[in-house]
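I opened this model to look up its pockets and its ligand site. My notes follow, entry by entry.

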Amino acid sequence: MGIVCKNHVFTLQTKSSTYQMKEEGGFLFHNYYGPVIGDVDMSYLVCPMDRGFSGQPQEIVDRRFSLDTRLLEYSAYGTGDYRDYCLHAVYEDGSHVTDLRFVSYEVKEGKYALEGLPAMYQGEEKAETLEITLRDEYKNLEVVLYYGVFEDLDVITRACKIVNQSEEQVRLLRAYSMGLDFDNKDMDMLHFYGRHAMERKMERSPLQHGFQGVESRRGYSSHQQNPFVILCKQDANEEYGWCYGASFVYSGNFSIQAEVSQTDLTRLTVGIQDTQFEFHLDSGESFTAPEVILSFSENGLGQLSRNYHKAIRHNLCRGKYKTERRPVLINNWEATYFDFTPEKLVAIAKDAKELGIEMLVMDDGWFGKRDSDYSGLGDWFVNEKKLKGGLKNLVEEVNKAGMKFGIWFEPEMISEDSDLYRAHPDWALTVPGRSFTRARHQLVLDFSREDVRTYIFDRMCEILESANIEYVKWDANRHLTDVWSAKLPADRQSEVFHRYILGLYDFLEKLTQRFPNLLIEGCSGGGGRFDAGMMYYHPQIWCSDDTDAIERLDIQYGTSFGYPISTVGSHVSVCPNHQTGRSVSMKTRGVVAMAGTFGYELDITRLSQEEKDMVKIQVEEFKKYYFLIQQGDYYRLTDDGRKSPYVAWEFAAEDGTEALLNVVTLRVRAYAMPYTVRIKGLKPEAVYEVEGTGEKYSGAALMNGGYLLPVIWDDYQSVQVHFVECCE
Ligand code: DGJ
């Protein structure tokens with residue numbers, strides 16, 4: 001198990017997977033990634049063939065050897081591997097050729113860290129690191145490949161560092177984090193596309209020759225495409241088949257591409273997208289490419305997802321709320337939008353408290369001149385006219401009502417109509433003298449600049465320290481354009497996109513260190529920056545601005561492939577829903593919001609007594625199921641909602657002692673066939689009681705025969721069934 005290095009064969013073993021590389025003749029080849037095969041040298045599978053137009057390195061005379069047709073570990077541009085490459089460097093002599101050869105390796109206890117970047121950490125799970133150094137001898141450019149091996153999690157992480165050991169300057173035109181070669185093309189790609197208020201819809205298609213993939217050039221990981229993909233055998237389903245996942249731990253521009261080559265090999269590359277990317281390395285400088293979390297499952301997509309859920313929950317998310325129960329919150333955005341008073345907020349807090357809710361979050365509109373989205377961003381001073389009596393007073397009132405208090409910020413943004421912009425127009429990302437692009441009437445602050453970050457950080461700290469604030473919603477409501485920084489010379493402007501993200505991470509690291517008990521919920525107009533990178537700082541992220549329960553079924557379904565339930569911000573909102581006009585029962589809204597962090601986003605003071613009674617029950621139930629939902633094993637029981645008359649999912653305790661089945665009907669049929677759902681994750685020999693009905697079944701019966709759902713009348717209705725292990 002762990003890392004085995006024998007005769008220059010490097011084998012990384014996890015519980016259920018083996019990953020292997022081999023050094024031969026100075027080249028680092030990829031040998032294998034798949035089910036456990038021990039440390040047998042898999043290079044016996046290499047079948048050298050002479051392929052026309054695929055050349056040989058100078059010292060090799062055998063025409064059957066070409067980098068273009070072999071499985072490589074990290075490919076550099078310019079020496080005859082014509083497939084998608086990981087590294088593209090330009091040297092002072094104008095040459096674009098990099099020839100990476102094996103130098104050395106080192107095995108280390110524990111998991112490597114990446115300076116200034118989020119990455120998985122060791123935690124309680126055992127982890128080991130393998131570092132392999134490659135070098136271009138002619139230009140003294142070194143590449144250190146990092147491998148983190150989490151045996152029990154079935155996870156292997158990759159990242160790399162490119163070091164300029166020469167006396168000259170090197171320009172990196174591409175510095176991807178990894179390439180992963182497969183010896184076949186018979187796989188499907190699953191990716192997660194969308195738009196604002198419709199994030200992470202799953203799409204599955206077979207690989208074809210040429211390129212297919214996802215990327216973002218928006219500055220953030222984006223609503224439109226997500227930096228997580230799966231490659232799986234074409235017969236793979238939830239419970240069966242080989243699946244490979246790649247999750248990029250990065251929140252900015254990214255590219256994940258699969259290329260099927262002339263010889264039917266597949267190469268998956270992951271890295272920072274290289275539009276307007278050119279990083280300069282002076283002598284002695286280095287560039288660190290962000291981490292990729294790889295996982296393999298031979299038991300289908302469900303197991304692959306559970307591998308990611310656990311890895312992110314245990315070894316990426318941090319802070320007190322990684323394990324502690326988070327408060328059930330109520331947010332005033334859809335209740336009041338910008339139009340609120342302290343009295344209104346306190347009234348919401350008081351009614352919410354009565355129903356078991358634990359925290360009030362004051363959303364956008366409490367600072368500067370901010371009664372609409374035309375103005376105020378950047379002026380992080382309490383609007384005393386609106387918050388008569390001040391913030392401290394309001395927080396005290398809310399605390400007195402027995403509720404915690406949370407607050408909204410949008411730190412990376414600036415409105416032209418703000419004192420901050422009037423004082424520092426150059427702090428916004430714009431090109432001097434040129435017209436610029438607004439989105440939601442706002443501009444983006446240049447977070448690559450330390451002075452800008454320090455100012456906003458100090459403002460934020462002053463607010464957070466002025467009252468008992470226990471939660472922050474960190475929003476970011478547009479993507480980047482006009483990317484140019486007043487602080488960098490002309491030849492460094494192509495570093496701004498990445499420096500912005502490094503600046504953001506630096507800010508968040510400082511904030512989490514200064515306020516270790518603060519719960520920070522990420523948000524970017526909903527799930528526009530829902531990525532593993534942000535999860536290092538935010539244990540939860542607002543999943544979508546679409547709060548309609550039926551729409552959320554799809555959004556949360558797609559999200560669940562790569563991200564744990566504990567990260568999925570989801571609330572019960574009012575009906576008719578503000579984004580779709582659809583009306584859905586309070587029960588169903590609750591069941592869907594419980595497949596996430598759970599909370600409310602409505603004017604609770606205006607609910608009927610009957611609705612309030614339901615809220616009270618829902619909150620109690622959520623608290624009761626909290627650890628089962630947030631830390632249990634998650635199972636998707638139906639495929640993409642639109643193909644099935646109902647959607648079902650389940651949370652099962654890791655030790656198999658209980659499970660919670662959730663079902664929402666989509667389109668009921670007349671005299672429909674009875675629906676049976678096979679329950680997962682139970683102990684076959686144990687007996688389970690259905691809470692509330694007294695029915696008893698063996699685990700084997702429930703898992704193999706299934707549970708017969710009660711007949712459900714009408715669309716968009718729901719049931720929750722709790723199975724608890726009991727004595728016979
Ligand atoms: C977008 C967020 O996703 C909403 O929940 C809300 O916070 C608004 N921004 C406020 O402007």
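**Entry 1: the largest pocket**

I note at the outset that this is a predicted model. I looked up the largest pocket and found a volume of about 800 Å³. I counted 38 lining residues for the largest pocket. Closest to its centre are Glu115, Gly116, Leu117, Thr288 and Leu502.

Which elements give two or more residues to this lining? I listed the strands β6 (101–109), β7 (128–136), β19 (279–281) and β20 (286–297), plus the helix α7 (496–514). The top contributor is α7, with seven residues.

I then sorted the lining of the largest pocket by class. I got 16 nonpolar, 10 polar and 12 charged residues.

I moved on to the second largest pocket, which holds about 670 Å³ of space. Its lining has 28 residues. Nearest its centre I found Leu45, Val46, Leu71, Asp183 and Leu265. Two elements give two or more residues to this lining: β4 (27–34) and β11 (178–182). The most comes from β4, with five residues.

By class, I recorded 15 nonpolar, seven polar and six charged residues in the lining of the second largest pocket.

**Entry 2: the ligand**

How many residues surround the ligand? I counted 13. The closest are Asp363, Asp364, Lys473, Asp475 and Asp545. By class, the shell around the ligand has four nonpolar, three polar and six charged residues.

I next looked up polar side-chain atoms facing oxygen atoms of the ligand.

- For Arg440, I read 2.9 Å between a polar side-chain atom and a ligand oxygen.
- For Lys473, the distance from a polar side-chain atom to a ligand oxygen is 2.7 Å.
- For Asp545, an N or O atom of the side chain sits 2.3 Å from an oxygen atom of the ligand.

Is the ligand buried or exposed in the protein? Taken alone, the ligand exposes 300 Å². The protein buries 98% of that.

**Entry 3: recap**

In the second largest pocket, β4 gives the most to the lining. At the ligand, Lys473 and Asp545 are among the closest residues, and each has a polar side-chain atom listed against a ligand oxygen, at 2.7 Å for Lys473 and 2.3 Å for Asp545.

Methods: Residues numbered from 1 in each chain as written. Predicted model: local features only at pLDDT ≥ 70, side-chain atom pairs only at ≥ 80, totals over all residues. Heavy atoms only, no water. 1 Å grid on protein atoms, 1.4 Å probe; cavity = no way out; pocket = protein on both sides within 12 Å on 5 of 7 lines; lining within 4 Å. Points joined across faces, edges and corners; volume = space filled by probe spheres on them. Helix = DSSP H or I, 4+ residues; strand = E, 2+ residues; numbered from the N terminus. Nonpolar A, V, L, I, M, F, W, Y, C, P; charged D, E, K, R; others polar. Near = heavy atom within 4 Å. Polar contact = N/O pair within 3.5 Å; in protein donor to acceptor, adjacent residues only side chain to side chain. Areas by Shrake-Rupley, 256 points an atom, 1.4 Å probe, with all protein chains shown as cover.
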